[in-house]
Amino acid sequence: MRIDRRRFLTISAAAMGAPLLAQATPQAATWRGQALGTSVQLILNHPDRARADALLRETAAELRRLEAIFTLYRADSDLSRLNRDGWLLAPPPELVEALELARKAHRATGGRFDPSIQPLWLAHAAGDAAAIARARDLVGYDRVRISRDRILLRPGMALTLNGIAQGAITDRITALLRAGGAEHTLVDMGEIRAIGGKTAREPWRVALAGGGEALLADRALATTEPAGFTFDAAGRLPHLIDPATGTARAEWARLSVLADSAGLADALSTGLCLAQAAAIRAALAALPGVEVRALDGRGRETRFA
């Protein structure tokens, strides 16, 4: 299995009208630690160092709290307990909110985004053809029961939020920073969301893999690159799995989604990477304000809005 993992989470802010880059300046506040299953670094460029240090401490604490809800890397997380027991009473509201957003993305993508893919994903990771065949019967997000009181799975089912959790966490951290007075700030927690633009008159310019850029001002961006994580050493089996067929595949070499919510953009980028152009257009008809930029295997970009 080949994995390319993001190892730096950044917060880049404009100070006194002068845009700062998404790397540490001499005055930057920095935090390093473990979060979301990897070593991470948070960088906050801010004109007030004391305030920046306080915001980073709050951000790091919130990251640890959210990780205890969403991650599959910890056996004691709420998501891991749900998968192990098949039920979760009094679930954290953040988990319920993410699962409800996942339901919206599931429907918008015609079922292509499906958090119940986890047993099938594990079977592909193990390279076990018999387990893959068995796991196909365990996929079906419509069979998951979600309420503010409890979450129920059918026997053998399990969920992964790897296609939405980073976006949901980005939204939470953005809200924390905005409440702390952050302006003209770019938040990258695996997916990207902007607070304002780079300045009052200039948007943030974010480079896209394979070429091109996206302009962000109070918007979010999520990108799925199937080849960034593959089930085989040769890189021929992308980590995306089609719930309808149980196969590892992708329609696009890169698919980016711009939306008002990083969580929604994250989920849509995962699901729509399995969709042909006509299906993407149909999905966006019910998603006003969402934009898609899809790169095919020949490096040609198609824009959908």
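Biologist: Is Arg178 buried or partly exposed?
Modeller: In this predicted model, Arg178 is partly exposed, with a relative accessible area of 40%.

Biologist: Which residue forms a salt bridge with Arg178?
Modeller: That residue is Asp218, and the closest N and O atoms of the pair are 3.7 Å apart. The pair links distant parts of the chain, since Arg178 sits in helix α6 (residues 165-179) while Asp218 sits in the loop between β11 (213-216) and β12 (220-224), 40 residues apart. Asp218 is partly exposed as well, with a relative accessible area of 43%.

Biologist: And what about Arg254, buried or exposed?
Modeller: Arg254 counts as buried, at 1% relative accessibility, and it forms a salt bridge with Glu301 in which the closest N and O atoms are 2.8 Å apart. Arg254 belongs to strand β14 (residues 254-259) and Glu301 to strand β16 (residues 301-304), so this pair ties together parts that are 47 residues apart in sequence. Glu301, for its part, counts as partly exposed at 31% relative accessibility.

Biologist: How many salt bridges does the count come to?
Modeller: The count comes to 18 salt bridges, and there is also a network of them that links Glu62, Arg65 and Glu94.

Biologist: Changing topic, which residues touch the most other members of the largest nonpolar core?
Modeller: Those are Phe70, Leu255 and Ile280, in a core of 60 residues. Helix α1 (residues 49-70) gives the largest share of this core, eight residues.

Biologist: What does Ile280 touch?
Modeller: Leaving aside residues up to four places away in sequence, Ile280 touches Trp252, Leu255, Leu272, Ala275, Val292 and Phe304.

Note on methods. Residues are numbered from 1 along each chain as its sequence is written. This is a predicted model: local features need pLDDT of at least 70, side-chain atom pairs count only at pLDDT 80 or more; totals for chains, interfaces and linings use all residues. Side-chain values use heavy atoms; hydrogens and water are left out. A nonpolar core is a set of buried Ala, Val, Leu, Ile, Met, Phe, Trp, Tyr and Cys residues joined through side-chain atoms within 4.5 Å. Buried means under 20% relative accessible area, exposed over 50%, partly exposed in between (1.4 Å probe, protein chains only). Helices (H or I, at least four residues) and strands (E, at least two) are DSSP runs, numbered from the N terminus. Contact means heavy atoms within 4.5 Å. A salt bridge is a side-chain nitrogen of Lys or Arg within 4 Å of a carboxyl oxygen of Asp or Glu.
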